Amino acid sequence: MDLIEKFESARPRLLSVAHRILGTHHDAEDAVQAAWIRVQSSDIHDVDNPIAWLTTVTSRVCLDQLRARERRGEVPLTAEHVSGTQLAADEELLQREKVSRAMLVVLDELSPRQRVAYVLHDLFAVPFDDIATALDTTPVSAKKLASRARARLTATDPEADRDISTQLEIVNAFLAAARGGDIERLISLMAPDVIRTVDRTLIPSGAATLVQGARVVADETRFFVDRIAMATTVLIDGRVGGIIAPGGHSFAIIRMDTLDGLITRIDISPYTSGDCELSLAGSQFE
């Protein structure tokens with residue numbers, strides 16, 4: 001098998017790796033193309049494991065892109081700053097490859113080297129020897145980077161008084177019922193006097209920023225099915241909530257208060273950096 005054939009055979013994996021590291025389909029395509037340009041000047045016949053080697057080359061290209069973003073002072077783009085065409089492409093890739101939209105959002109909290117180490121090891125089971133080569137460091141240092149990334153993504157307050165499992169069950173049930181338009185199920189999950197607030201910037205002009213009552217809150221979810229379809233569970237301030245993230249690009253945070261197994265308050269606000277953690281809630285990938 002010649003170089004072109006080996007590269008094309010590896011392309012799907014390389015695109016998957018690049019997408020998790022960079023967060024967009026467009027940037028992943030660019031990274032894989034740049035990796036192809038680099039490998040053309042190499043002698044692949046001397047490589048024992050071509051797939052691992054190509055993954056390393058692609059990861060280095062991605063790391064360069066992340067560092068370039070950092071030097072330019074770029075912040076991760078939220079959904080309202082991404083074109084509709086790119087959002088559609090990213091959402092299609094996310095659905096096709098069953099990528100966690102929550103994962104893509106929280107990965108933006110990591111440094112470039114942490115992100116590469118975490119993605120390669122935790123998501124693609126790349127050995128630390130190979131990760132060290134991609135990061136130009138030692139295997140021990142690569143392992144520490146992945147460990148620190150993991151700790152940041154799942155940081156929680158062990159002293160917080162909460163029942164994560166119960167919260168997770170309620171929030172997942174609420175989102176599932178909202179996606180399916182099951183109004184009666186939604187009503188059963190909320191306290192009769194539940195309050196829903198939303199930031200004015202997230203709704204059409206003239207729409208109510210505050211509504212009260214389980215029936216009213218349940219009925220209005222029908223107008224936001226497209227957004228709810230792009231929501232998944234995360235930890236927010238140590239409690240289970242939701243994030244709306246089309247194509248893996250953060251848009252809005254859904255905070256929920258619960259009491260005695262019922263939702264008593266729902267607050268929807270724009271996403272800001274550092275809002276989310278994965279932890280237990282992050283295991284519920286959408």
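In this predicted model, one cavity reaches 30 Å³ or more. The largest cavity has a volume of about 30 Å³. Its lining consists of Ala-52, Thr-55, Thr-56, Ser-59, Leu-120, Val-126, Asp-130, Ile-131 and Ala-134. Two elements give two or more residues to this lining: α3 (50-71) and α7 (128-135). Helix α3 has the largest share, with four residues. Sorted by class, the lining of the largest cavity has five nonpolar residues, three polar ones and one charged one.

In soluble globular proteins, nonpolar side chains tend to be buried together.

Next, look at the aromatic rings. A search of the whole structure finds one aromatic pair. The partners are Phe-7 and Trp-36, with ring centres 4.9 Å apart. Why is the pair called tilted? The ring planes stand at 45°. Planes under 30 degrees apart would count as stacked, and those over 60 as edge-to-face. Now place the two residues. Phe-7 sits in helix α1 (residues 3-22), and Trp-36 sits in helix α2 (residues 25-39). The pair therefore ties together parts that are 29 residues apart in sequence. Are these residues buried or exposed? Phe-7 has a relative accessibility of 1%, so it counts as buried. Trp-36 has a relative accessible area of 16% and is buried too. The cut-off for buried is under 20%.

Move on to the second largest pocket. About 330 Å³ of space lies in it. It is lined by 21 residues. Closest to its centre are Arg-196, Glu-220, Phe-224, Ile-228 and Ile-268. At least two lining residues each come from α9 (164-180), β1 (190-198), α11 (214-220), α12 (225-228), β5 (252-259) and β6 (262-270). By class, the lining of this pocket has 17 nonpolar residues, one polar residue and three charged residues.

Finish with two residues in loops. Ala-125 is found in the loop between α6 and α7. Its phi is near 55°, a positive value in a residue other than glycine. What does its accessible area say? The relative accessible area of Ala-125 is 63%, so this residue is exposed. Asp-260 lies in the loop between β5 and β6. Asp-260 is not a glycine, yet it has a positive phi of about 55°. With a relative accessible area of 74%, Asp-260 is exposed. The cut-off for exposed is over 50%.

Terms used
Residues are numbered from 1 along each chain as its sequence is written. This is a predicted model: local features need pLDDT of at least 70, side-chain atom pairs count only at pLDDT 80 or more; totals for chains, interfaces and linings use all residues. Side-chain values use heavy atoms; hydrogens and water are left out. Rings of Phe, Tyr and Trp (its six-membered ring) pair if their centres lie within 6.5 Å; planes under 30 degrees apart count as stacked, over 60 as edge-to-face and the rest as tilted. Buried means under 20% relative accessible area, exposed over 50%, partly exposed in between (1.4 Å probe, protein chains only). On a 1 Å grid over the protein atoms alone, a cavity is a set of points where a 1.4 Å probe fits but cannot get out, and a pocket is an open set with protein on both sides within 12 Å along at least five of seven lines; lining residues have an atom within 4 Å of a point. Grid points are joined across faces, edges and corners, and a volume is the space filled by probe spheres set on the points. Ala, Val, Leu, Ile, Met, Phe, Trp, Tyr, Cys and Pro count as nonpolar, Asp, Glu, Lys and Arg as charged, and the others, Gly among them, as polar.
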